[in-house]
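Please read the following with the sequence and the coordinates open side by side. The text goes from a helix and its cover to the cores, the charged pairs and a loop.

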Amino acid sequence: MTDPPAVPAADATAAGERRTLDAFLDGYRDAVVRKTTGLSDADGRRHLVASATTVSGLIKHLRWVEYGWFDQLLTQRAEDHRRSHDRNWEFEVGADEALPTLVDEYQRQCEHSRRVVARYPLDHEVAHRRLGRVSLRWIYVHLIEETARHCGQIDILREQLDGATGF
């Protein structure tokens, strides 16, 4: 893996709030993708921990996280970020779901998310069925946390697979 900037948002250290949030989220999105580079589809499916967690399953889940929070909730097409499928399905990788395809779908969803959030100010609020009202700012922070946490899981799985480490 290549050496990225020391901080995901190194180019936004003196930037405004929106640019900083975008930079941190994009930094972790990019790290997630970088951590899959060079992995075979078989390695992406390998179960290395007691749970059903795999690299491919985490990528699939992150795609749905982006969709649920930004595309579904923020645009108010639903009262929360739930999906019509069982949550466990997001981590299960079907025979027809190759790692490169999952990564491509994730990247396309991230690009769509960028277009969606650009239409709203950070203070824009939407109703969430369980949480009450949440702002775009809150959703950004949550997505940074969620993406960073799963990025760390992918990092550990990658190290177990082939010893590759780094951001």
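Contact here means heavy atoms within 4.5 Å. Helices (H or I, at least four residues) and strands (E, at least two) are DSSP runs, numbered from the N terminus. The model is predicted, so local features need pLDDT of at least 70 and side-chain atom pairs count only at pLDDT 80 or more, while totals for chains, interfaces and linings use all residues. Residues are numbered from 1 along each chain as its sequence is written, and side-chain values use heavy atoms, with hydrogens and water left out.

The predictor's confidence in each residue, pLDDT, runs from 0 to 100. For the chain its mean is 88, and 84% of the residues reach 70 or more. Helix H4 (residues 99–117) has the highest confidence, at 97, and strand E1 (residues 125–128) the lowest, at a mean of 92.

Helix H1 has 20 residues. From first C-alpha to last it reaches 29 Å, close to the 28 Å expected; the expected span is 1.5 Å times one less than the number of residues. Just after H1, Gly38 takes a positive phi of about 90°. Residues are classed by relative accessible area: buried is under 20%, exposed over 50%, and partly exposed in between (1.4 Å probe, protein chains only). The buried residues of H1 include Leu21, Leu25, Tyr28, Val32 and also Arg29 and Lys35. H3, H4 and H5 are among the elements that cover the buried residues of H1.

In soluble globular proteins, nonpolar side chains tend to be buried together. A nonpolar core is taken as a set of buried Ala, Val, Leu, Ile, Met, Phe, Trp, Tyr and Cys residues joined through side-chain atoms within 4.5 Å. The largest such core has 19 residues, of which Phe70, Leu74, Leu136, Ile139, Tyr140 and Leu143 touch the most other members. H1, H3, H4 and H5 each give two or more residues to this core. A second, separate core of 17 residues includes Leu58, Leu62, Val103 and Cys151. Not counting residues up to four places away in sequence, Leu136 touches Phe70 and Leu74, and its other partners include Arg18, Val117 and His124.

How many salt bridges does a search of the whole structure find? There are 16, a salt bridge being a side-chain nitrogen of Lys or Arg within 4 Å of a carboxyl oxygen of Asp or Glu. One joins Arg137 and Glu17, at 2.6 Å from N to O. This pair links distant parts of the chain, 120 residues apart, with Arg137 in helix H5 (residues 136–162) and Glu17 in H1. Arg137 is partly exposed at 26%, and Glu17 is partly exposed at 42%.

Two further pairs lie within H4. Asp104 and Arg108 form a salt bridge with their closest N and O atoms 2.9 Å apart; they are four residues apart, so about one helical turn separates them. Glu111 and Arg114 meet at 3.0 Å and are three residues apart, again about one turn of the helix. An α-helix has 3.6 residues a turn, so residues three or four places apart point the same way. Glu111 and Arg114 also belong to a network of salt bridges with Asp26, Arg29, Glu66 and Arg115.

Finally, Ala52 is in the loop between helix H2 (41–45) and helix H3 (55–74). Ala52 is partly exposed, at 46% relative accessibility. Its contacts, leaving aside neighbours within four places in sequence, are His47 and Phe91. Glu92 is 40 residues from Ala52 in sequence, yet their C-alpha atoms are 7.6 Å apart.
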